[in-house]
Amino acid sequence: MPALIHHTEPAPTCLPPDWSGIGGCVLPVAAGAATGLLRCHALVLTTTGPLLAEIDFAEHLCGPGTLLWIRPGQAARFSRPGDGDDPLTIVFRPGLFGPEELPGLSPDDPSGPAREPLTPPGPAVFRDVFAHLAADAAGPPGPVPAALLRHELAALLLRIATLDPGSELRAHVESRTFERFRRRLEERFPHTRRVEDYAAELGCSVRTLTRASLALTGRTAKQVVDDRVALQARRMLAATSMSVAEVGRGLGFGEPTNFGRFFHRETGLSPGQFRGRFITGQPATIPGQRSPAD
């Protein structure tokens, strides 16, 4: 599957070329397609007919002209309810742009723009941009074509950011605190689920983190941590061949029984039940999150 990890490694040609870090690909769109974990960014633009995209276990029925931005590590699969052409897809590697390189936009920030499908005005403009990017990426390599591709992609990302600025956190103390917490959590969630550890690393109290989390998400700091760990567990169970014990160990659970209890508490399913729904092709329903009072 282009740019995706399934139960086996993809061919190197499925990923953006090293010389530019930007490329075009054809998504595997088929009924019963396996869920994969993205290894790079993917910008997907539907052209004709509906596309059913399941991103991190949320289904999106995308009509013509719908734009998706799928991030590295997200679980994804695609099918087509009816007839239509394959969507246009541009992939680019993480780290291609520095955090301050594009004004007001850090492409590798998971809270960035287009976390939900967009329907931009003037879809013909986006089709042309996608087509030019794909054509240039398929051309001969070299420093000049690589620079051209970077400029074209930067313009496309900035255009997307103007349509959907993402989660622009208000400039108050709780927003800044939560942003620091969220970034640290993304780095550390496989190693610790203790809010006390994050508070100590950020030089604040657990109460401060909880107040900031509730203000920005309606979830306690502990729930934010558990939500992130549970999401990663679902991704690994659905899209890799790792055993349940291996998934648990990768997320910091020394004993499979502890991981099983955690997963059941968060999702209402055992790890085996959740994985079985994907293997048999049944819908993998995700129960609602626990309320802040839990």
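**Helix packing**

I started with helix H6 (residues 221-239) and helix H9 (residues 271-279), which pack at an angle of about 50° with their axes 8 Å apart. Axes here are lines fitted to C-alpha atoms, for helices over the stretch in contact, and angles run from 0 to 180 degrees between N-to-C directions. Helices are DSSP runs of H or I with at least four residues, strands are E runs of at least two, and both are numbered from the N terminus.

I noted H6 and H9 as oblique to each other because of that angle; under 35 degrees is roughly parallel, over 145 roughly antiparallel, 65 to 115 roughly perpendicular, and the rest oblique.

Which residues touch? Arg 234, Met 236, Leu 237 and Ala 238 of H6 meet Pro 271, Phe 274, Arg 275 and Phe 278 of H9, contact meaning heavy atoms within 4.5 Å. By class I get six nonpolar, no polar and two charged residues. Ala, Val, Leu, Ile, Met, Phe, Trp, Tyr, Cys and Pro count as nonpolar, Asp, Glu, Lys and Arg as charged, and the others, Gly among them, as polar.

Next I checked H3 against H6: an angle of about 35°, axes 11 Å apart, and a right-handed crossing. Phe 178, Phe 181, Leu 185 and Glu 186 in H3 meet Ala 221, Val 224, Val 225 and Arg 228 in H6.

**Caveats**

I'm keeping in mind that this is a predicted model, where local features need pLDDT of at least 70 and side-chain atom pairs count only at pLDDT 80 or more, while totals for chains, interfaces and linings use all residues. Residues are numbered from 1 along each chain as its sequence is written, and side-chain values use heavy atoms, with hydrogens and water left out.

**Core and burial**

The largest nonpolar core has 33 residues, and Phe 181 and Phe 274 are among those with the most contacts inside it. Such a core is a set of buried Ala, Val, Leu, Ile, Met, Phe, Trp, Tyr and Cys residues joined through side-chain atoms within 4.5 Å. H6 gives the largest share, 11 residues.

I also looked at His 60, in strand S6 (residues 58-62). Buried or exposed? His 60 counts as buried, at 15% relative accessibility (buried is under 20% relative accessible area, exposed over 50%, partly exposed in between, with a 1.4 Å probe and protein chains only).

Note on methods: A crossing is left-handed if the near helix is turned anticlockwise from the far one by less than a right angle, and right-handed if clockwise.
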